[in-house]
Amino acid sequence: MFILLTVAIAPGLALFSYFYLRKQIAKEPSRTLFHTFIYGAIMTFPILFIQHVFEEEDVFSSEFLRSVIFTSGLEEYFKWLILLIAIYRHMEFEDAYDGILYGASVSLGFATVENIIYLLTFGTDTAFIRALLPVSSHALFGVVMGYYIGKAKFTVESNKRWVLFIAFLAPYFLHCVYNTILLIHDLWLYLIIPFMLFLWWFGLTRVKYAHMYAMRQFRRKAQIDQK
């Protein structure tokens with residue numbers, strides 16, 4: 001049991017450590033990040049309950065509607081809602097890169113619990129592929145969401161609400177594409193590799209842009225403090 005839990009938790013911990021250590025300016029308080037991770041972990045259970053209820057009621061006419069449109073939207077909406085309610089106005093949300101960390105944290109909280117449940121059910125035979133695909137994809141969806149959350153909070157744009165909507169829409173679209181590929185049974189392996197490469201590229205460019213913006217914020221603040 002201990003080995004299985006370790007295998008289930010390790011990918012999420014490794015990915016979060018990577019994004020956390022990329023921040024070269026003041027580190028975000030670990031307690032706040034841990035709370036965000038716990039929020040993400042807790043939300044797994046209402047999501048699973050809602051999915052179970054809809055499946056029991058046989059609401060969906062196709063697997064595409066269930067797995068792609070509904071499931072992707074439900075999961076990304078809960079992540080977005082947590083960031084909006086619990087984190088967006090938090091006093092420790094201090095720069096644009098913090099959005100990356102909080103987005104990754106809430107997503108990895110969800111992905112870790114989902115991974116534990118899956119491995120407890122089906123065993124560790126698929127642990128490696130789950131680390132490469134579901135866990136890392138959730139982390140990158142969270143990075144994209146967090147990037148736009150941070151952009152909405154720290155830009156002077158008048159259309160902050162539109163940027164906040166993009167914070168939900170962008171990862172939802174990426175999640176839909178990911179789940180659609182998994183439904184294409186004969187070709188999914190040939191499609192998922194280029195998609196994951198694109199997702200990593202897109203996510204890491206958001207990390208780069210958020211870090212550059214946070215550094216500019218830090219320098220401006222330092223200049224103001226010196227005056």
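This briefing describes the helices, the nonpolar core and selected residues of the structure above. The model is predicted. The protein has seven helices and zero strands, and from the N terminus its elements follow the order α-α-α-α-α-α-α. Of its 227 residues, 48% count as buried.

**Overall surface and contacts**

- The accessible surface of the protein amounts to about 12300 Å², and carbon and sulfur atoms account for 68% of that area.
- Among the contacts in the protein with a separation of 6 or more, 80% are between residues 24 or more positions apart.

**The largest nonpolar core**

- The largest nonpolar core has 58 residues, of which Phe19, Tyr97, Tyr148, Ile149 and Phe195 touch the most other members.
- Two or more residues of this core come from each of α1 (2-21), α2 (30-56), α3, α4, α5 (127-154), α6 (160-183) and α7.
- The element that gives the most to this core is α5, with 13 residues.
- In soluble globular proteins, nonpolar side chains tend to be buried together.
- Tyr148, one of the core residues that touch the most other members, is in contact with Val163, Ile166, Ala167, Ala170, Phe202 and Arg206 when its neighbours within four places in sequence are left aside.

**Helix α2 and its residues**

- The 27 residues of α2 should span 39 Å at 1.5 Å a residue, and the distance of 40 Å between its end C-alpha atoms agrees with this.
- The buried residues in α2 include Thr32, Leu33, Thr36, Gly40 and Ala41; Met43, Thr44, Ile47 and Gln51 are also buried.
- Gly40 lies in helix α2 and has a relative accessibility of 0%, so this residue counts as buried.
- Beyond residues up to four places away in sequence, Gly40 touches Ile82, Val106, Gly109 and Phe110.
- Gly40 and Ser107 are 67 residues apart along the chain, and their C-alpha atoms are separated by 6.0 Å.
- Pro46 also has its place in helix α2, but with a relative accessible area of 32% Pro46 is partly exposed.
- After α2 comes Asp58, which has a positive phi near 55 degrees.

- A kink of about 30 degrees occurs in α3, centred on Thr71.
- Glu76 is found in helix α3, and at 0% relative accessibility Glu76 counts as buried.
- His175 is found in helix α6 and is likewise buried, because its relative accessible area of 3% falls under the 20% cut-off.
- The side chains of His175 and Glu76 make a polar contact at 2.7 Å.
- Apart from neighbours within four places in sequence, His175 is in contact with Ser72, Glu75, Glu76, His138 and Phe141.
- With residues up to four places away not counted, Glu76 touches His138, Phe141, Met145, Phe168, Pro171, Tyr172 and His175.

- Helix α4 (residues 96-122) has 27 residues and reaches 39 Å from its first C-alpha to its last, close to the 39 Å expected at 1.5 Å a residue.
- Of the 27 residues of α4, 21 are buried, so this helix is largely enclosed by the rest of the structure.
- At the start of α4, a side-chain oxygen of Asp95 comes to within 3.0 Å of the backbone nitrogen of Tyr97; Tyr97 is also one of the residues that touch the most other members of the largest nonpolar core.

**Arg216 in helix α7**

- Arg216 is found in helix α7 (residues 188-226).
- The relative accessibility of Arg216 is 39%, so Arg216 counts as partly exposed.
- Arg216 and Asp95 are 121 residues apart in sequence, and their C-alpha atoms are 9.8 Å apart in space.

How values were computed
Residues numbered from 1 in each chain as written. Predicted model: local features only at pLDDT ≥ 70, side-chain atom pairs only at ≥ 80, totals over all residues. Heavy atoms only, no water. Helix = DSSP H or I, 4+ residues; strand = E, 2+ residues; numbered from the N terminus. Expected span 1.5 Å × (residues − 1). Buried < 20%, exposed > 50% of the residue type's maximum accessible area, 1.4 Å probe, protein only. Polar contact = N/O pair within 3.5 Å; in protein donor to acceptor, adjacent residues only side chain to side chain. Bend = angle between axes of the 7 residues up to and from the residue. Core = buried A, V, L, I, M, F, W, Y, C linked by side-chain atoms within 4.5 Å. Contact = heavy atoms within 4.5 Å. Areas by Shrake-Rupley, 256 points an atom, 1.4 Å probe, with all protein chains shown as cover.
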